[in-house]
Amino acid sequence: MTLEKIIQNNLCTGCGVCISEDESGSSRMEWNEDGFLVPRVTNNSSFAKMEKVCPFNIKNEFDEDYLAKKFIRNYKYSDDDIGLYTNLYAGYSVEYRNTSSSGGLATYVFEKLLRNGFVDHLFIVKEINGRYGYQLFSSVDRIKEISKTRYYPVTMDSLFSEINKIDGRVAVSGVACFIKAIRLKQKFDPDLEEKIPFLIGIICGGLKNKYYTDFLAQSAGCSSDYSSPEYRVKNAESIASDYKFSCESKRDNRIHVVEMQRLGDMWGSGLFKSNACDYCDDVTTELADISLGDAWIKPYNQEGLGNSIIITRSQFADEIIMAGIDDNSLKLDIVNVHSVKSSQQGSFNHRHKGLQFRIKQAKRNGFLFPKKRSRFLNKQNLFFNSVQRKRLLTREKSITIWNEEKSILSFNKRFHPFVTSLIRVTKRNHMYLRIKVKLMKLIGFNK
């Protein structure tokens, strides 16, 4: 059965929307040995109905292009890489920047949706007993409680059962695959468009497993049980990338901190990342009404408090942002497509340019993968493909080695050679690109 194949081939990101399609009620979300949430199905599960709302369905009958044109209305522009949109911005929320990740735009949009009565509830990620999960939230006065980034697996398995019990409309935030699952659900149940009228997309660099937080906590010095993990502790006196991870050790009740830059590249290495993320070609959450991410470009990345990239897709989303600019609660610049792409260039390079190579590797090794949009399947040079090969290895090894060790010292010792090898081939690729640019300039090309 296709759903079982999706799970067996590690193509599930744990969105949990499939659970709502199981008429038998026998399926549930559980942790697997690799630290990800996946559906546990039974012989009674409604496989055909469940798989049709899976964002990584191997059949992939409805891709992001199809779904965007169905659900994103009154947009102005279209771009092959970032999707349909109305306007592009970069900047921050005056009220929520200090207490939020990036520029605080997600919290700002949440607050406006509730305060203006466009929705009655939010379905967002909140802290639950020291860890995180999706919950319904309806209090404007407590909006700052939901303003932090969490790199921890969550699932939306309860979304549709919960919203059926309540009156009013609900806005949902999520990463690209979660948003796609909701759109698929809305396609097959059009009444849900009214119930869930607004989706906030979080631009994602890849989903981490639950052991990533343990890795960070031990790196910070929380060697025993810990609580209150904070993934993005800002440094207002420095630059945006200079942030820290902190946690509170239950052994000594002290806050322990580690500088993230000291730990190396957590994203380019694929550390503790879901395998499914390597088959995602939606970099900017194309199916949301508004997409929000970090502004990793100058001058915005030079400010330690952070700035956001904002892609308004629906006309209504743009009206929310324009109102904030008009009343000075948002400090934003209008930016161009090139700036937006540059702000997420690493993700575009990996997800789009490296996609064809990873699909070929999957075929060679007998693994299944979802059908992807053909415009992103392009050949790359030998050096670039070497980087992709090493990233596949570091992603896999980070998970298997941690499962075996569960100790930061022994993990680092065993994992170090794989990271070193990745760094080496990455430098070779950068050197190749520099030489290529020089040669093209010499022969008269400026591309």
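Colleague: Hi! By class, what residues does the lining of the largest cavity have?

Modeller: Hello! That lining has 6 nonpolar, 6 polar and 3 charged residues. Keep in mind that this is a predicted model.

Colleague: Got it. What volume does the largest cavity have?

Modeller: About 100 Å³. Its lining is made of 15 residues, and the closest to the centre are S102, R232, A240, D294 and G306.

Colleague: And how many cavities of 30 Å³ or more does a search of the whole structure find?

Modeller: The search finds 5 of them.

Colleague: How can anyone tell where empty space is left?

Modeller: A probe the size of a water molecule is rolled over the atoms, and that shows where the empty space is.

Colleague: Which one gives the largest share of the lining?

Modeller: That would be α13, with 7 residues.

Colleague: And how do the residues of this pocket's lining divide into nonpolar, polar and charged?

Modeller: There are 11 nonpolar, 9 polar and 6 charged residues in the lining of the second largest pocket.

Colleague: New topic: in what order do the strands of the open sheet come?

Modeller: The order is β10-β11-β12, so you can trace 3 strands with antiparallel pairing. The edge strands, each pairing on one side only, are β10 (226–233) and β12 (255–259). From one strand to the next, the twist averages 15 degrees.

Colleague: How many bridges join β11 to β12?

Modeller: Strand β11, residues 244–249, is joined to β12 by 5 bridges, and the two run antiparallel. To pick out one of these contacts, find E248, whose bridge partner in β12 is I255.

Colleague: What about cysteines? How many disulfides does the count come to?

Modeller: The count is 1 disulfide. C222 and C247 form it, with their sulfur atoms 2.5 Å apart. The link is right-handed, with 120 degrees about the S-S bond.

Colleague: Where do C222 and C247 sit in the chain?

Modeller: This pair links distant parts of the chain, 25 residues apart. You'll find C222 in the loop between α8 (211–220) and β10, while C247 is in strand β11.

Colleague: Are those two buried or exposed?

Modeller: C222 is buried because its relative accessible area is 1%, and C247 counts as buried because its relative accessibility is 0%. The cut-off for buried is under 20%.

Colleague: Last one: are C177 and C277 buried or exposed?

Modeller: C177 counts as buried at 8% relative accessibility. C277 is buried as well, with a relative accessible area of 7%.

Key:
Residues numbered from 1 in each chain as written. Predicted model: local features only at pLDDT ≥ 70, side-chain atom pairs only at ≥ 80, totals over all residues. Heavy atoms only, no water. Helix = DSSP H or I, 4+ residues; strand = E, 2+ residues; numbered from the N terminus. Nonpolar A, V, L, I, M, F, W, Y, C, P; charged D, E, K, R; others polar. Axes fitted to C-alpha atoms, helices over the stretch in contact; angles between N-to-C directions. Disulfide = S-S within 2.5 Å. Buried < 20%, exposed > 50% of the residue type's maximum accessible area, 1.4 Å probe, protein only. 1 Å grid on protein atoms, 1.4 Å probe; cavity = no way out; pocket = protein on both sides within 12 Å on 5 of 7 lines; lining within 4 Å. Points joined across faces, edges and corners; volume = space filled by probe spheres on them.
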